[in-house]
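Good morning, and thank you for making time for this item. Please look at the sequence and the structure, which I will now put on the screen.

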Amino acid sequence: MTDTVVDAAPAGAVPVATPSKKRTSRGWRIAQILLAVAVVAVSFLYAIPKIANYSEVWTEITDMTPLELGFLLAATALNLVTYWWANMVSIPNLGLWQAAVNNQTSTSVANTMPGGGYISIAVSYEMYRSWGFSSSDVGLSVAVTSVLNIFAKLALPAIALVLIMLSGRASGSLVGASVVGVLVLAGAVVLFGLVMWKKRFARAIGSGLGRAATWMSRRFRRSRTFDWGDAAVRFRRTTIDFLVERWFWLTSTTIVSHLSLYLVLLLALRFVGVANDEITWAQVLGVFAFGRLLTAVPITPGGVGIVEVAYIGGLILAGEGHATVPADVFHAQVAAAVLVFRALTFGIQIPLGALTYLIWRTNTSWRKPPAVVAVGAAPSR
């Protein structure tokens, strides 16, 4: 959905940002950056060393065999490709390498900048438009894939809760986090269902969310007014046919991308020596699901620092009382697995994104004039 900025200036007037607004915006950005740096520093220089000694963590990492590292790299590559497939499903006639360039570049932006998730959408949009895709196709792709990813993140705790309870290894903290995810998922599904069901519901829900966003914006001293009622109606109209036509492949690629990411974490744990008897695969899924929810918290890019501490703490808590090695060794193994997992699925994205950005800037063979959809015409589906 797009947001409409309502200004009190007279009709036809060109809005000009005042120096005070510029200073407020600049100050807010600086505060965001300082907060992100502080959180990352506290996480890696204080919190994680309190849990495990870095030298012992490094020992656990270097003890992995070349074959194990090869399996981890293969699983990481599979995970990357699943995101490209999802892009190809959501945008007709998008090539595999175009999908790769777009996904890796936008992911790199999201992983390196405060609020990068929003900026990455703009970067992705600009790339698609430079390749000749219409704004309606791009907007629909972003909206639908974003909604499906949110649903997947919310559904994972519910699935993990059932599996953990069946395994008999449920803990109060994991159950609590899973229940929260289930409740939020239920609310999100109901809202989405109402938006798809009736136009009047779509307008009312969009307007309500817009008012909530406006309230939040003003709490953070950003004087913006969001009007999402009409946007929700347009979203409903363009999304119904799209989902009917492509629901299976959209859902499949979304599920596979999340499960392949989970596979990298599970393999990292097993390869550093954490057995299923210590932390079951279902418990790993539960902690992974909780960590995926934390990536949506826009304090640091990609949740860096916050997510690592949450994964390490959650996994140690899940294996409490079941470790077959001394506590310091177990802590080092868990920390090693999490740091390897994040290096492969978060850190490696940054240099890859820099490379794909250069490919986009220099490869002119993909460039086409942007497609234009006539007003009132249906999207090219």
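Does Asn93 count as buried or exposed? At 73% relative accessibility, Asn93 counts as exposed, where buried means under 20% relative accessible area, exposed over 50%, and partly exposed in between, with a 1.4 Å probe and protein chains only. Asn93 is located in the loop between α3 (66-90) and α4 (96-112). Its phi is near 70°, a positive value in a residue other than glycine.

Before going further, a word on the basis of these values. This is a predicted model, in which local features need pLDDT of at least 70 and side-chain atom pairs count only at pLDDT 80 or more, while totals for chains, interfaces and linings use all residues. Residues are numbered from 1 along each chain as its sequence is written, and side-chain values use heavy atoms, with hydrogens and water left out.

Now the overall picture. The protein has 13 helices and 0 strands; helices (H or I, at least four residues) and strands (E, at least two) are DSSP runs, numbered from the N terminus. Of the 381 residues in the protein, 41% are buried. The accessible surface comes to about 19600 Å², and carbon and sulfur atoms account for 69% of it; these areas come from the Shrake-Rupley method with a 1.4 Å probe, and for residues only the protein chains shown count as cover. Among contacts (heavy atoms within 4.5 Å) with a separation of 6 or more, 75% are between residues 24 or more positions apart.

Two helix pairs deserve attention. Two packed helices are described by the angle between their axes and the distance between the axes. Axes here are lines fitted to C-alpha atoms, for helices over the stretch in contact, and angles run from 0 to 180 degrees between N-to-C directions.

Take α10 (residues 281-294) and α11 (residues 306-318): their axes come within 9 Å and cross at roughly 155°. The two are therefore roughly antiparallel to each other, given that angles under 35 degrees count as roughly parallel, over 145 as roughly antiparallel, 65 to 115 as roughly perpendicular and the rest as oblique. On the α10 side the contact includes Val287, Phe288 and Phe290, and on the α11 side it includes Ala310, Tyr311 and Leu315. By class, this contact has 11 nonpolar, 3 polar and 1 charged residues, with Ala, Val, Leu, Ile, Met, Phe, Trp, Tyr, Cys and Pro counted as nonpolar, Asp, Glu, Lys and Arg as charged, and the others, Gly among them, as polar.

The second pair is α2 (residues 54-62) and α12 (residues 327-347), whose axes lie 8 Å apart at an angle of about 65°. These helices are therefore roughly perpendicular to each other. Among the residues that meet are Tyr54, Val57 and Ile61 in α2, and Val329, Ala332 and Leu339 in α12. The contact of α2 with α12 has 9 nonpolar, 1 polar and 3 charged residues.

Finally, two individual residues. Asn87, in helix α3, counts as buried at 13% relative accessibility. Leaving aside neighbours within four places in sequence, Asn87 is in contact with Leu94, Ala99, Asn102, Asn103 and Tyr128.

Ala41 belongs to helix α1 (residues 19-51) and is partly exposed, with a relative accessible area of 30%. Which distance separates Ala41 from Gly305 in space? C-alpha to C-alpha, they are 7.9 Å apart, although 264 residues apart in sequence.
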